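Subject: Structure handover

Hello,

Here is the structure for you to take over. Please keep it open while you read the notes below it.

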Amino acid sequence: MTTATAASPITVLLVEDNPGDARLILELLGEVQTQAFDLERVERLDHALTRLSRTGVDVVLLDLGLPDSQGLETFMRARRGAPDEPIVVISGLDDERLALEAVRSGAQDYLVKGRIEGHLLARVLRYAVERKRGEEALRASEAHHRTILENIGDAVFIADPQGRYLDVNPRACELTGYSRDELLQLTVSDTYPAQDRDAAALRIVDVAGGRAAVTERPLLRKDGAILVVESNARRLPDGRLLGAVRDITERKRLEEQLRQAQKMEAVGRLAGGVAHDFNNVLTAIFGYADLLNEELPEGHQARQDLDEIRKAAQRASSLTRQLLAFSRQQVLQPMVLSLNDLVEDIQNMLVRLIGEDVQLRLGLSPSAGNVRADAGQIQQVLMNLVVNARDAMPTGGKLLVETANTELTEQYAEAHQPVAPGAYVMLAVSDTGSGMDAETKARIFEPFFTTKEKGRGTGLGLSTVYGIVKQSGGYVWVYSEPGRGTTFKIYLPRVDEPAEPLAPPQREARTLTGTEIILLAEDDEMLRPLSKGLLERLGYRVLEAENAIRALALADAHAGPIHLLVADVVMPGGSGRELARRLAHSRPDTRVLYVSGYTDDAIVHHGMLEPGLNFLQKPFTPAALARKVRDVLDAPLT
Ligand code: ADP
Ligand code: MG
């Protein structure tokens with residue numbers, strides 16, 4: 001607040017028609033030594049108003065009884081004409097009530113004729129000026145605070161102790177979707193969802209009782225949407241409640257996403273570790289079951305039991321594969337692939353899967369481009385989606401499988417993080433089934449999440465889909481509403497290369513035996529003798545080694561040719577890859593077959609097998625080993 005300095009004179013406009021009174025005032029002011037006054041006098045109100053419209057004065061000294069105006073009316077008109085000047089009213093002896101009324105209407109002070117005395121007059125004038133300046137400073141400061149309130153990033157709510165809104169800033173209107181006028185009709189509880197109103201009431205009591213707190217709370221918007229906000233509420237010194245509220249919906253969403261990703265990673269790591277060991281165990285089960293089977297005479301009772309063992313191992317193996325797939329640790333063997341070919345290739349199987357009540361329709365765009373992916377894995381994706389669609393239509397319905405080229409634009413990518421814009425091929429599976437609510441939709445890609453009864457769902461289908469699609473550099477989106485069916489859309493990056501033909505059906509009639517010499521490097525004590533035995537039964541000669549160093553020593557000591565190295569990739573003391581590289585120096589003609597069940601190794605980069613390598617996925621059956629070994633030995637040299 002500024003104060004009038006004694007040095008600068010105070011300019012006074014005296015509006016007084018009585019020359020005697022005017023002279024008296026002039027004289028009185030002249031006697032004051034501590035403050036100089038510049039006095040100017042007019043006799044009529046209209047003159048005063050004209051004078052004030054030119055330039056301002058510090059203070060107006062106004063007689064209420066003038067030739068052109070009388071009583072309170074005089075003051076009202078003067079104030080309208082000079083809204084910025086402090087006005088001190090002079091009244092007659094008999095009319096102090098009138099003077100008081102003028103003060104109530106905004107006059108700074110009043111003087112009563114006949115009782116005016118020098119120092120009093122000077123003080124009244126000086127105070128009038130200072131009070132007016134104070135008021136202006138206060139107004140400016142209020143405007144300043146209002147500006148801050150209107151521009152601050154937080155939504156600000158001021159409420160009475162019962163929670164009724166008294167004031168809000170524009171951000172509060174934006175946040176809630178209500179206009180200011182609407183908000184001033186509401187209470188704090190009205191911005192809570194119905195089920196949280198009790199909590200709201202308690203909170204109001206808490207804050208009103210001076211127990212200030214920062215809390216996270218749901219905020220119900222006018223349009224029914226619910227945000228998560230952080231609310232910092234406290235009681236103001238005058239008892240009103242102040243709440244500064246910030247929208248943290250997006251932050252919460254990201255936190256949740258991160259938590260989810262961490263959970264997936266932990267589960268994935270665990271699954272990968274388990275699956276790795278499991279693959280060796282399962283290979284042994286497959287192998288010994290087959291060996292035993294052959295020892296038993298045709299028609300032996302125990303052969304059926306062995307079949308059951310093999311089926312159980314098959315199921316365990318498909319479960320391990322899913323575990324690896326959703327944790328993106330499956331070894332993908334990518335090729336340039338036409339999704340149209342792929343869909344048509346397994347169409348018959350899909351029809352069998354969905355049964356008679358569901359109608360399958362294909363909408364394959366003839367111009368749909370190619371993608372680089374593992375055909376077997378994409379088939380798995382399609383089958384998982386189709387099986388889910390079937391389960392969602394227990395009484396029948398329609399199933400649509402589509403392909404199309406899509407360009408994902410910058411805008412699309414922005415709205416669908418973490419999509420990278422570019423050219424994609426879309427594979428969509430739509431059904432007319434039960435659909436899902438938002439809560440289910442939010443969790444479907446979690447491993448082991450299922451809404452199906454025990455024994456029917458494993459909850460691995462969609463997490464596998466997600467893992468495979470992610471590992472293939474693609475994206476998956478779901479569109480669904482309860483009762484309105486579901487569409488899954490998968491986007492895989494388009495490649496500008498001709499598609500390779502899908503693997504032809506296995507020619508099982510060919511002979512799978514041989515007499516070549518095979519160097520077998522496998523560290524697993526259970527698998528090594530098994531693989532050796534299987535290969536020897538097929539007629540091969542096998543040199544076995546439990547690690548890379550031993551294998552190299554054997555190769556050195558061996559005089560004749562070695563036709564094939566069968567190497568486990570992950571071995572202590574040197575990978576199969578390293579072994580093959582070293583062996584290639586001395587024996588460039590030796591072919592190599594890698595065996596592994598895991599992406600975390602030397603032949604796989606970002607989950608993709610290096611092109612040009614021969615690879616057998618663990619767990620394998622004796623038949624698969626026999627086929628693969630023959631394939632590699634018979635392949636033309638490149
Ligand atoms: P599962 O099929 O073993 O339950 P999934 O991971 O394949 O596991 O699917 C998880 C859940 O997602 C299902 O239990 C189901 O609630 C929901 N879901 C998946 N696909 C659909 C669909 N097409 N329509 C309705 N709900 C679906
Ligand atoms: Mg499923």
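This is a predicted model: local features need pLDDT of at least 70, side-chain atom pairs count only at pLDDT 80 or more; totals for chains, interfaces and linings use all residues.

Residues are numbered from 1 along each chain as its sequence is written, chains are lettered from A and ligands numbered from 1 in the order in which they are written, and side-chain values use heavy atoms, with hydrogens and water left out.

The sheet

Helices and strands here are DSSP runs numbered from the N terminus (H or I, at least four residues, for helices; E, at least two, for strands). An open sheet is built from five strands with parallel pairing, in the order β2-β1-β3-β4-β5. Two strands pair if DSSP finds at least two bridges between them. On average, neighbouring strands of this sheet are turned by 20° against each other, direction ignored. Axes are lines fitted to C-alpha atoms, for helices over the stretch in contact, and angles run from 0 to 180 degrees between N-to-C directions. Strand β1 (residues 10-15) runs parallel to β2 and is joined to it by six bridges. V15 has V42 as its bridge partner in β2. Helix α4 (residues 96-104) packs on the sheet, where it touches β4 (87-91) and β5, and its direction makes about 165° with that of β5. Contact means heavy atoms within 4.5 Å.

D63

D63 is in strand β3 (residues 59-63). Its relative accessibility is 4%, so D63 counts as buried (under 20% relative accessible area; exposed is over 50%, partly exposed in between, with a 1.4 Å probe and protein chains only). Not counting residues up to four places away in sequence, D63 touches V15, E16, D17, T74, I90 and K113. A polar atom of the D63 side chain lies 3.3 Å from the backbone nitrogen of G65.

R221

R221 belongs to the loop between β8 (213-220) and β9 (226-235). Its C-alpha atom is 7.4 Å from that of L175, although the two residues are 46 apart along the chain. Beyond its neighbours within four places in sequence, R221 has contacts that include E174, L175 and T176. The R221 side chain also reaches the backbone oxygen of E174 at 3.0 Å.

Aromatic pairs

Six aromatic pairs are present. Rings of Phe, Tyr and Trp (its six-membered ring) pair if their centres lie within 6.5 Å; planes under 30 degrees apart count as stacked, over 60 as edge-to-face and the rest as tilted. F157 and Y165 make a tilted pair, 5.1 Å centre to centre with 35° between the planes. F157 is buried at 6% relative accessible area, and Y165 is buried at 4%. For Y424 and Y491 the ring centres are 6.5 Å apart and the planes stand at 85°, so this pair is edge-to-face. Y424 lies in strand β15 (residues 422-431) and Y491 in strand β17 (residues 486-495), so the pair ties together parts 67 residues apart in sequence. Ring pairs link Y412, Y424, Y475 and Y491 into a cluster.

Charges over rings

The charged end of R217 sits over the ring of Y192, 3.9 Å from its centre. K489 lies over the face of Y479, 5.3 Å from the ring centre. A charge sits over a ring if NZ of Lys or CZ of Arg is within 6 Å of the ring centre and within 35 degrees of the ring normal.

Regards

Terms used
A polar contact is a pair of N or O atoms within 3.5 Å; within protein, one must be able to donate a hydrogen and the other to accept it, and residues adjacent in sequence count only if both atoms are side-chain atoms.
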